[in-house]
Amino acid sequence: MHETCDKTYSELSSAAIGDSELHAAIRMVQNGMGKGAQAMWRDEITPEHRRLAKEARLRTLNNLDAVLATLSEKIRARGGHVYFAATAEDARNYCLEVARKHNVRLAVKGKSMTSAEIGMDPLLEENGVEVVETDLGEYIIQLAGEAPSHIIAPCIHMNRKRIGKLFQEKLGIPYSEDPPTLTKAARKALREKLLSADMGISGCNIACAETGHVCLVSNEGNIRMCTTMPKVHVALMGMERVTATLAEHDMLLRLLTRGASAQKVSTYVSFIGGPRQPGETDGPEEFHLVVIDNGRMKMLADPRFREVLSCIRCGGCLNICPVYGRIGGHAYKGTYCGPIGAVLMPLLDGVNKHADLCRGESLCGACKDICPVHNDLPRMLSELRYMLAYGDEDWGVEPVDGSEACAFKAWGAAMSSRTAYDLLVKAGRIVQVPFVKNGVLGKGVGPLAKWTATRDFPPIAKKTFAERWKTDHSKRLNGADNE
Ligand code: SF4
């Protein structure tokens, strides 16, 4: 997993909250792509379409073994290799083996979050393979030595001045902040790499079992070059990124590009089903599809989290999330950020390790509304919080700070008894007195201190609603009697 630094989620978030340049950059994406996707859901795509897409995703997940078997059969029939990797280590070792077999010195990459998830680049580099990102955003952050901060706009946190200085330093060109000049410089540098690479590495947006193809979308044309020019192509695919039929594939592809960037279709859509066939003029001599589990089987087996595998990684939930809008992607400290990252990272890499992520989201529900397949991330975030409060043996989760669970247990007991509730309210009114300032409980003690450190808490009212109802209602009744 790519981790940005050893600072905590709260340190990174606090720093990001004061970063107005970051907010301006994210606002541009959220206003453009986020609002664009919302408009498309309103004007072009019916709710029925999204409901059917979700059903299709769940149907495929329920038959995943059979669907993957069909996909691999079709690809092998065309001379491709399919490898099922149980762990991240298996997947990267397989890629290294392929690179060694072909004596690869230079590998070019199309954008792939899965390769970051399995930590593939460092292993190839340690073994003498130069790895070059060819997606412009990924190339920029690779030059800067940083991690992506958005699923589909990885260098959103960098403005053109920073990129200008970076290109001046790394590519040796005169300083410029003119986007076409910078793009031209990147294209020149990348073209040389693409022409001399021995291996191309890509991800997979959605594969189709019926036709036996992996499908890749891009707006830059780099993926097409990565997958056709080098003599070997390795495609990395999370095991859930497949559909059973071409009709379902078509339905999801329409949603993917709209949800991601509010485009009806990406500029380039590539369908790859194996190595170059006799009579074909381009394509790799060897094609490998690596189907990666790395914890997905466990999610599939758990009814609470199976749904997260229906995600098609459009990044739409980042484009609407108020939390992501304030803290950006690096605070999440993982390959996947935003609301989807807050669910995926704990499940992939340890719930306790990534506890802050699922506790940091607001549960406002905007991510579910914008998601092309209505992934219920707020529900899954609540499930993760429950695991953190009470522990979970299956996922090896240790309860974190039992005070929250105790407080809710006590609250539950008080709420189920009228007498206990009334007593608690009366006691609370007395205890709160020294802590109320300017009409709010600004500084709590004990476990409440953590809550009030970042939030104001309303004090218990002089009269609760039930007390007011009792007196006002009896006054009304007496008044009615008197009339
Ligand atoms: S959860 Fe939904 S909106 Fe978020 S990346 Fe996945 S498919 Fe897109």
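Mentor: Arg51 forms a salt bridge with Glu55, and their closest N and O atoms are 2.3 Å apart. The structure is a predicted model, and the distances discussed here should be read as belonging to that model. Side chains of opposite charge can pair when their charged atoms come close. Both Arg51 and Glu55 belong to helix H3, which covers residues 47–62, and they stand 4 residues apart, about one turn of the helix.

How accessible are these two partners? Arg51 has a relative accessible area of 39%, and Glu55 has a relative accessibility of 35%. Because buried means under 20% and exposed means over 50%, with partly exposed in between, Arg51 counts as partly exposed, and Glu55 likewise counts as partly exposed.

A second pair may be set beside this one. Arg296 forms a salt bridge with Glu117, the closest N and O atoms being 2.8 Å apart. Arg296 lies in helix H13 (residues 296–301) and Glu117 in helix H6 (residues 113–118), so this pair ties together parts that are 179 residues apart in sequence. Which side of the accessibility cut-off do they fall on, buried or exposed? Arg296 is buried, at 2% relative accessibility, and Glu117 is buried too, with a relative accessible area of 2%.

Arg304 forms a salt bridge with Asp302, and here the closest N and O atoms are 2.9 Å apart. Arg304 is partly exposed, at 22% relative accessibility, while Asp302 is buried, with a relative accessible area of 10%. Salt bridges may also be linked to one another: those that share partners join Lys54, Glu307, Arg379 and Glu383 into one network. In total, the count for the model comes to 26 salt bridges.

Tyr386, Tyr390, Phe408, Trp411, Met415 and Leu424 make a nonpolar surface patch of about 670 Å². Helix H18 (377–390) and helix H19 (403–415) each supply at least two residues of this patch, and H19 gives the most, with 3 residues. Met415 lies in helix H19 and is partly exposed, with a relative accessible area of 49%.

Technical notes:
Residues numbered from 1 in each chain as written. Predicted model: local features only at pLDDT ≥ 70, side-chain atom pairs only at ≥ 80, totals over all residues. Heavy atoms only, no water. Patch = residues over 30% accessible without salt bridge, like charges linked within 9 Å, V, L, I, M, F, W, Y side chains within 5 Å. Areas by Shrake-Rupley, 256 points an atom, 1.4 Å probe, with all protein chains shown as cover. Salt bridge = Lys/Arg side-chain N within 4 Å of Asp/Glu carboxyl O. Buried < 20%, exposed > 50% of the residue type's maximum accessible area, 1.4 Å probe, protein only.
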